[in-house]
Amino acid sequence: MSEIITAIEQVLGRLGMSPDVQPLGAFLVLLAAIYVLFLGPLWFAVRRQWVHRSTAAFWVFISPWVFGFLLFTVGPMAYSLVLSFFDWNLIDPPSFTGLDNYTEAASDPLVAKAVQVTLTYAALSVPLQVALSLGVALLMNVRVRGIHVFRTIWYLPSLVTGVAQVVLFLWVFNPGYGLLNGVLRVFGIEGPAWFADPGWALPAVVIMSLWTVGGNMVIYLAGLQDVPTELYEAAHLDGAGAVRRFWSITLPQISPVIFFNVITGLIGAMQTFTQGYVVTQAGGGPSHSLLFFVLYLYQNAFEYFRMGYASALAWILLVMILLLTALIFRGSAFWVYYESTRPKEARFARAK
Amino acid sequence: MAPSRLRQTGSLVVLVIGSFVFAYPFLWMIATSLRTRQGVAEAGVSLWPVQWHFQNYTDGLSSFPFWQYLGNSLLTTIPPVIFTVLSSSLVGFAFARIPARGAGVIFGIVLATMLLPGEVTIVPQFILFRELDMMDTLYPLILPSLFGSAFFIFLFRQFYLRLPQSLTDAAIVDGAGWFRIWWSIYLPLSQPIIVAAAVLQFMSSWNNFLTPSIYLSSERWKTLPLALAGFTSANSTDTSLLMATSIVVVLPCIVIFFLAQRHIVGGISFTGSK
């Protein structure tokens, strides 16, 4: 494929396009070619009345998503599945090795460590995040003047994400002059070395993740405000106390929000990368205590250039995430409550 | 009524303490960014005193080619925001309003892709962009947004479904095509979702770290998060300079949040995870 690109770029160069823009030009030419191949037959089919006009319009309208899906999701996934049976360092031609990458991953102690780190992080951070953001949302769900100030304060940290957050928490967890150990010292406790201590590095990242629960809190708050007040009034008349009202009304009513939060939180936690990368300077931390799975994948792909092995790791990650998600979906039947009168909007919405 | 009053006071106390704990690192970050080197060493974990040493900001910015990095960051943020809003709205409109066989199934696939971790495709995408001769350019950070995002498509579709069907019918009677209906009726009406999607895309593009660290190797194209990460390892001792730079990197997100506050909360919460 790179020959085609080079050829197009040469043509564009001769037409006076600057070298910086040539790759973009070549890409757009390819995209235009794909669109012609797609629109031509479609137009013909509409003319011949094989395809209804509105069906054709529908496909044209969703074509950005379709091409993106093929180009950046399905295509790459199929490609990486094939690649995972090869050895390739980007320079020599790929060589077929069968299941070697997978058997190697199964016995690679660092893969085991990366899986352990990632699953531990998910198992600790997701429930804590759900509990904390829900708890705070419950506290904030009152009509008091100035409550908006509190909501803003809790939400603000979730804007300090990525590298900036890690930079800040490198200081918070600094063993010598950091905030956390400074506070602990006031109580006469000598805090651990956090990021430098194999046993405390991961808990430190979990604490760091809790600082940004404000984003989830906003979603819970919206969910809580949707709970019909008649339910609470009826329960109050029946003499239900606050605890009872929480367990029998609030929790079932917002269980779909919790479910959504658990799923997105889990998928996010399994993909953690920046924290491990920046804290450990791409290393993995003391005795690999911050070797998140995606970080190990990144090291294999872009530091050791083992593209086949990295692809196999990517598929292992995908299967792990899908299994966990399926497990939670299965389990959700027992604790997620949906109104039975919920309209099947998708079916009614389609205009006839 | 007394116990409920008591409970309210109790929860207010918890809120005040909690807010203080949450805001503290943030406030300390601001305070430290305004301290002299000696001030940082003396103040330690406390918020006061502050020397108002605004020079940190000019020093921090001039210690690396800040404006160039800012330009790169903007180039990888603004076009994706515009592209993803437009294409997601277009696709969402088709799913909500254009009748077609099989639309439900395809929408199911769109939803399913939201669960797919993007990290699975980083290796093949890297190879794809290498084939496209786009190594060490900003294109790999911009082009994927041309094709919309599943989550935003979902947001737009849900919003358009809530608008009255008569809007479309009337326009069809007037002889407008689907594109006209989208562009002049539905797109302008979906302003809350446009704002929410734009803000979310801004935040994720602006703070993106994984993709730039894969594709960008030369100084010329570094984005701000990438530069900040490099700055961290190089200047780990100069805390005040580091904090000043971090604040500058975070500032656009905070400004945008305050500008769009109402829309973010409204836009996300209506998604009706319920």
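A residue counts as exposed when its relative accessible area is over 50%, as buried when that area is under 20%, and as partly exposed in between. The legends below apply these terms to a predicted model.

**Figure 1. A:Gln49, a residue with positive phi in a loop of chain A.** The phi angle of A:Gln49 is positive, about 60 degrees, although this residue is not a glycine. The loop that holds A:Gln49 runs between α2 (22-47) and α3 (53-61) of chain A. Because its relative accessibility is 69%, A:Gln49 counts as exposed.

**Figure 2. A:His288, a residue other than glycine with positive phi.** Phi is near 55 degrees in A:His288. This residue belongs to the loop between α14 (274-279) and α15 (293-302) of chain A. With a relative accessible area of 33%, A:His288 is partly exposed.

**Figure 3. The contact between chain A and chain B.** Chain A supplies 97 residues to the contact and chain B supplies 94 residues. Together the two chains bury about 8,800 Å², and 79% of this area is on carbon and sulfur atoms. Eight residue pairs are in polar contact between the chains, counting pairs with both residues at pLDDT 80 or more. On the side of chain B that touches chain A, helix α1 (residues 2-33) of chain B gives the most, with 15 residues. That side of chain B comprises 66 nonpolar, 19 polar and nine charged residues.

**Figure 4. The salt bridge between A:Asp20 and B:Arg220.** One salt bridge is counted between chain B and chain A. In the pair formed by B:Arg220 and A:Asp20, the closest N and O atoms are 2.8 Å apart. B:Arg220 lies in the loop between α13 (210-215) and α14 (224-234) of chain B, and A:Asp20 lies in the loop between α1 (2-14) and α2 of chain A, so the pair joins two chains. B:Arg220 is partly exposed, at 43% relative accessible area, and A:Asp20 is likewise partly exposed, at 38%.

**Figure 5. Salt bridges within chain A and within chain B.** Over all chains, the structure contains four salt bridges. One of them joins the side chains of A:Glu190 and A:Arg185, at 3.7 Å from N to O. A:Glu190 is exposed, at 58% relative accessibility, whereas A:Arg185 is partly exposed, at 37%. Another pairs B:Lys222 with B:Glu219, with the closest N and O atoms 3.2 Å apart.

**Figure 6. B:Phe93 in the largest nonpolar core.** This core has 199 residues, and B:Phe93 is among those that touch the most other members. Beyond its neighbours within four places in sequence, B:Phe93 contacts residues including A:Phe61, B:Tyr160 and B:Trp178.

How values were computed
Residues are numbered from 1 along each chain as its sequence is written. Chains are lettered from A and ligands numbered from 1 in the order in which they are written. This is a predicted model: local features need pLDDT of at least 70, side-chain atom pairs count only at pLDDT 80 or more; totals for chains, interfaces and linings use all residues. Side-chain values use heavy atoms; hydrogens and water are left out. A nonpolar core is a set of buried Ala, Val, Leu, Ile, Met, Phe, Trp, Tyr and Cys residues joined through side-chain atoms within 4.5 Å. Buried means under 20% relative accessible area, exposed over 50%, partly exposed in between (1.4 Å probe, protein chains only). Contact means heavy atoms within 4.5 Å. Buried area is the accessible area (1.4 Å probe) that two parts lose on being put together, summed over both. A polar contact is a pair of N or O atoms within 3.5 Å; within protein, one must be able to donate a hydrogen and the other to accept it, and residues adjacent in sequence count only if both atoms are side-chain atoms. Helices (H or I, at least four residues) and strands (E, at least two) are DSSP runs, numbered from the N terminus. Ala, Val, Leu, Ile, Met, Phe, Trp, Tyr, Cys and Pro count as nonpolar, Asp, Glu, Lys and Arg as charged, and the others, Gly among them, as polar.
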